[in-house]
Number of protein chains: 4
Amino acid sequence: MIQIFITGGTFDKSYNYINGELFFEKTHLPEMLKRSRCQLDLKIETLMMIDSLEMNDLHFEKIISKCKNCNTNKIIITHGTDRMVETAKAIAQAELKNKTIILTGAMIPYAFGSSSDGFFNLGSALSVVQTLKKGVYINMHGQTFNGDKVEKDIKNGIFKSIN
Amino acid sequence: MIQIFITGGTFDKSYNYINGELFFEKTHLPEMLKRSRCQLDLKIETLMMIDSLEMNDLHFEKIISKCKNCNTNKIIITHGTDRMVETAKAIAQAELKNKTIILTGAMIPYAFGSSSDGFFNLGSALSVVQTLKKGVYINMHGQTFNGDKVEKDIKNGIFKSIN
Amino acid sequence: MIQIFITGGTFDKSYNYINGELFFEKTHLPEMLKRSRCQLDLKIETLMMIDSLEMNDLHFEKIISKCKNCNTNKIIITHGTDRMVETAKAIAQAELKNKTIILTGAMIPYAFGSSSDGFFNLGSALSVVQTLKKGVYINMHGQTFNGDKVEKDIKNGIFKSIN
Amino acid sequence: MIQIFITGGTFDKSYNYINGELFFEKTHLPEMLKRSRCQLDLKIETLMMIDSLEMNDLHFEKIISKCKNCNTNKIIITHGTDRMVETAKAIAQAELKNKTIILTGAMIPYAFGSSSDGFFNLGSALSVVQTLKKGVYINMHGQTFNGDKVEKDIKNGIFKSIN
C-alpha cells in the first residue's frame, strides 16, 4: 500500500476567475489517478492545502508526524516546490527509518492543462516509490534526488543535485 | 544516459481531421520532454511509427537489434499496448544481459489532451528505468511488471501480473 | 429562446480506448455551455448521435420535423461535417419560414482537447443565430454560409461559398 | 476585412512558472485562429499587452484612435473584462460612425486549457462582427450587449444588460 499526503503547492492550485488569483479549490489527485488508470492500493489524505511559502513549524511537524504514524512504508507527498527541499530535510532529520518518502509537485498547476508537468511527476513518483530504498527523496522532472543533497534552481525552475 | 526508442502505438497517434482516422503524424516525445522539464541525458530514435497490431517478425528483430547494439544499459521503448507483452517477451528471450529495458505506451493518444495517460506513463518509465535491476519490464499506469509475467486485460484496458 | 438539436458528428465523438475507435459516448454540449458561462435561454434535445455519413432519409425527416415543430424561431443543429451541406439543403427545401436555423459542427472532436475547433464554432453559432435573418445557414470556422450556397472542401477540411 | 486589435487582458495571460504570477508572454491569437481554421481576411495588431485595470487615458485614446484610423469598418478588440465596459463607453462616445466594433475577452486565460472561455468568445466575436449593424458592442459568453447598456457582474463573472 502507498500513502499519498497532499499538502497543496502549485500542483493543486486553481485559477479564481472572479479575482484573477490562484487558490486551492480542491485536490486534483483523484481525477489524475482515474485518468492514469492507476490500480495501485493507495490511501490518500489531505494534510493541508497551502502554498509551501506559507508553511511554518507546525506544518512541518504535522507532515513528519503523519509520515511517522501512517501504517505503510511507502509515502508520496505532493508539495509546493519553493520549500520542498526544506521539508525533505526536515523529514530526513526526523530519521523515519524503514520508510521510503518521496516529495513531488509541479511548476505549473495541473488545472492549467497541457502545459502542466504535474501529471508526469505523479506517474514518476508513484512508480519510483515502489523501487527505491528507504530514505527521503525529491522526485521532479523524471529525476530522483536524495532529500539532503538537492536544491531548487529558482532561476530555471528545476531541481539540482548538490554535494 | 537513457536511450528512448519510439515505435508508435496509441501513445503517438494523431487524429486526421480530413478522413477522421487515427494516424502517425509525428512523435510527441520532444514536446512531452520539454513540458516535463526533463534534464536527463537522453538519446531518442524513432525505429518505426506503427500500430503494434501491424508489427511482424522484422519489426521485433529491429527492436531487439537496436536494444542490443545501443551503447547504454537503460532503455525505454514507447510501444502500442496491444502487443506490448509480446514484444517484451521477445526481448526477454533475446537475453540482453546488463540492460534495463522498459516498454511503455498509452491507452489514449497524448494528442487527445486531458484524457490521455501517456504523459503520466512517460514520467513513470523515465524515473523507474534509473532504479530497476537489469531485465525487461512493462511500466503502465504506475505499475512495473516483469516482461515475462504480465498480460493485457483487453476488456478493461489495463495490464495485470500473471504467474 | 434558442433550441439546440444534437445529431452527433465529429463534434461529439469520443475515443474508445478499449478498441481504439471513435464512438458516441455522450454529448459534450452541457460541459461546453458551462465552460462558456452562457446565460442564454437554451433548450437542448438530442435527436440522434450518429456520424452524418450514416444519415438516411428518416434522419433528415426527423431533423426537419423537429425544426418545424419546435416553438422557437432560433435553432442550432450540431451535425457531422460530411453531410452538413446536404442536411442544410434538405431543411432549406422544407421552407420553414420564420426560422433562423444554423448548422455547425467540428473537424476535430471536442473531446480531443486543445486541437478541437468545436468550442469556437459553438460560440460562433450561438451568437450569430441571434442576429441572422430567417433562413438556413452553415456556420463553421467563423464564417456564415447560406445553406444553399455552400460546399465542403473535403481536401482541406473547410467550407466554401458557391454560387 | 476584419481588423483585430489586441490589448491584453485575461484572454492572453500566461502563467510564469518561475514566480507563480500571471504575465503577458505573447498573444495566443494566431494559434487560436489556426486551430479554428478561420479563412477570414483578418488584420491583427497588438496595441498593448496589459491588464485592463492598468489602462489609463492614454491607452483609451490609443484604442479609439486606432479604431478611427483603421481602414475597415469591422473591428474586434480583445480586452480585459474588468474595464471592458469602460472602454466600450469611451469608444461609443467617440462616435466612430460607420464602424462595427466588438470588444471581447475571457474570464480564464486561453493558455489555461480546457477551462478557458476565450476560444468560444473569439468564435462568437468573429461571426457576429460580420452581421451586426454599426455600433459598439461587448460580446461575451454568447451574448451581444450594446456598449452603453452593459455592466460586468463582478460577483458572478458575467456581463449583464442594463437600461
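**Chain symmetry and a helix pair in chain D**

Chain B can be laid on chain C by a turn of 180 degrees and a shift of 0.0 Å along the axis, with an RMSD of 0.0 Å; copies are superposed by least squares on the C-alpha atoms of residues with pLDDT of at least 70 in both. This is a predicted model, in which local features need pLDDT of at least 70, side-chain atom pairs count only at pLDDT 80 or more, and totals for chains, interfaces and linings use all residues. Residues are numbered from 1 along each chain as its sequence is written, and chains are lettered from A in the order in which they are written.

Chain relations
- B:Phe112 comes closest to the rotation axis of the residues of chain B, at 2.1 Å (C-alpha).
- The same surface serves both copies, as 100% of the contact residues of chain B recur in chain C (contact means heavy atoms within 4.5 Å).
- Of the contact residues of chain A, 100% recur in chain B, so the same surface serves both copies.

Helix packing in chain D
- Helix α2 (residues 57–69) and helix α3 (residues 84–93) of chain D pack at an angle of about 50 degrees, with their axes 10 Å apart.
- The crossing of α2(D) and α3(D) is right-handed (the near helix is turned clockwise from the far one by less than a right angle).
- D:Phe60, D:Ile63 and D:Ile64 of α2(D) make the contact with D:Glu86, D:Thr87, D:Ala90 and D:Ile91 of α3(D).

How values were computed: Side-chain values use heavy atoms; hydrogens and water are left out. Axes are lines fitted to C-alpha atoms, for helices over the stretch in contact, and angles run from 0 to 180 degrees between N-to-C directions. Helices (H or I, at least four residues) and strands (E, at least two) are DSSP runs, numbered from the N terminus.
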